[in-house]
Amino acid sequence: MFKSVRGTKDIFPPEVIRWQNLEETIRKVMKNYNYGEIRTPIFEETSLFARGIGDETDIVEKEMYTFADKSQNSLTLKPEMTAAVVRAYVQHNFGESRPVNKFYYVSPMFRQERPQAGRLRQFHQVGAEIFGTNSYLADCELIILAEDLLSKLGVRNLNLYLNSVGCPKCRPVYIERLKKYFLKIESSLSEDSRNRLKKNPLRILDSKDEKDIHLKEDAPSILDNLCDECGEHFSKVKKFLVGNKISFKINPNLVRGLDYYTKTAFEFTSTDLGAQDAICGGGRYDLLVSQLGGKETPGVGWACGIERILLASQKYEERINESLDCYFCLLGDSPKSTVYNLISELRKENISCDCDMLDRSLKAQMREANRLNAKFVIIIGQEEFEKNVAVCKNLATGEQQIVVTNEVKNYLKKNLIL
RNA sequence: GUGAGCGUAGCUCAGUUGGUCAGAGCAUCAGGUUGUGGCCCUGAGGGCCGUGGGUUCAAAUCCCAUCGCUCACCCCA
């Protein structure tokens, strides 16, 4: 038997209703904040991600779905969206037609990791990006947008963590200081962290290993090592958020796993998730556009994991009760094509209808109507057909009356609250 | 990539020390009502007990392998 491949999921009713509602909410909220939707292809040239995300990141090193097409071009299923959006931004010269551009997206992403709670190989993200402004206002609007969206999507118990990862002026200096600090105590570090020390010392700060947790307490903090520009930007962000009643915690150990971040980095977590508790992550990336061949253009953005949103909001949701306006019970040899004309007519009026296709007993058809949570049942048997009438039964009240076929539409319109 | 736990009906799960162990509830279908749902009652269908091998007179049960799922590590949304 064929099965969906590891780490992928089928989505169908009733679960798919949650997705539809979520997408609808996203569109509404994004409209309020004036972000335009962008849809990019599912795959890109491999080198876009290698250069954008960083050659030595885990995503690029071991998690990408990369394949060669028939022309031997190396292509990759997108593992994240920012590089793709930047590619589109540069390709279409969006910066030329207006100085600031705000985009959002909802899209599947692909990373070949071992699946676990809140982690899939094909997963979905909603994200937002702002291009063309250095202003702290952009960072702040995005954080406020994320908070607004997540709470409208029913996610609770959120924590916002905030940090600044500096810029090419101050970060290299800080990394050197950090390296020096950890080199002195290298032998006490966990094995993972000794490797991190060589590749990316910042990530030691993020370690969950018992051995590292004490050691990193006394490590130099990036926040004490920011250059004037980064420091000022960070304090403006904090001040703005306080002024807008957004609560957050400073976490100097928050390091993002993608190389392109500069200055502000942030993450929302929810305690309603498992070990993978990050529901939204983002930050500023002032160098990415130029790195990918565009004019030097500052950018900020975030991405939220849709599966994680659905996971975290699940237990607070009411049960979804789908309903149908009317179910047709067809009996005996009543010409179905004639009855079906009526069904078509009702559907054109946005009255949702369905009918039996198995020639089952009336009892079975009624049971089906009840199961579908139908508001009305229309019974047309031989007798009704000959008299040109239909029995209309209100399933909630149990009342039923005989209506002339031509009047069924009006009868329903009158009695249904559409 | 590493580690741990788990695979029995569409779903959620029982199944003792290997010996009427092929089960329950829900769901489905049918009947009770020859044309009226929900509640109730009666009955039915549905399983190579993940797969392959081994031990044994006998395996859902024990052993080995394999595949899959789940959770966690790594990392990330």
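Mentor: Start with the term: a salt bridge is a side-chain nitrogen of Lys or Arg within 4 Å of a carboxyl oxygen of Asp or Glu. This is a predicted model, in which local features need pLDDT of at least 70 and side-chain atom pairs count only at pLDDT 80 or more, while totals for chains, interfaces and linings use all residues. Residues are numbered from 1 along each chain as its sequence is written, chains are lettered from A and ligands numbered from 1 in the order written, and side-chain values use heavy atoms, with hydrogens and water left out.

The structure holds 27 salt bridges. Take lysine 409 and glutamate 345: their side chains meet in one, at 3.4 Å from N to O. Lysine 409 sits in helix α16 (residues 408-415) and glutamate 345 in helix α13 (residues 336-348), so this pair ties together parts 64 residues apart in sequence. Here helices are DSSP runs of H or I with at least four residues, strands are E runs of at least two, and both are numbered from the N terminus. Glutamate 345 counts as partly exposed, at 37% relative accessibility. The cut-offs are under 20% relative accessible area for buried, over 50% for exposed and in between for partly exposed, with a 1.4 Å probe and protein chains only. The pair is also part of a network: Glu345, Glu349, Lys409 and Lys413 are linked by salt bridges.

Now move to helix α14. The side chains of glutamate 368 and arginine 371 form a salt bridge at 2.8 Å, N to O. They are three residues apart in α14, which means a separation of about one helical turn. Arginine 371 is exposed, with a relative accessible area of 57%.

Among the 48 residues around RNA strand B, Arg111, Arg119, Gly257, Arg371 and Leu395 come nearest. A residue counts as near if one of its heavy atoms lies within 4 Å of the strand. Arginine 119 has a salt bridge as well, with glutamate 113, at 3.6 Å from N to O. Glutamate 113 counts as buried, at 17% relative accessibility.

A backbone N or O atom of alanine 275 lies 3.0 Å from a phosphate oxygen of RNA strand B. A polar backbone atom of isoleucine 279 is 3.0 Å from a sugar or linking oxygen of RNA strand B. Lysine 393 uses its side chain: one of its N or O atoms is 3.1 Å from a base oxygen of RNA strand B. Elements that give two or more residues to this surface include α3 (58-63), β6 (122-131), β10 (278-284) and α14 (362-371). Helix α14 gives the most, with seven residues.

That returns us to arginine 371. It pairs with glutamate 368 and is among the residues nearest RNA strand B.

Technical notes
Polar contact = N/O pair within 3.5 Å; in protein donor to acceptor, adjacent residues only side chain to side chain.
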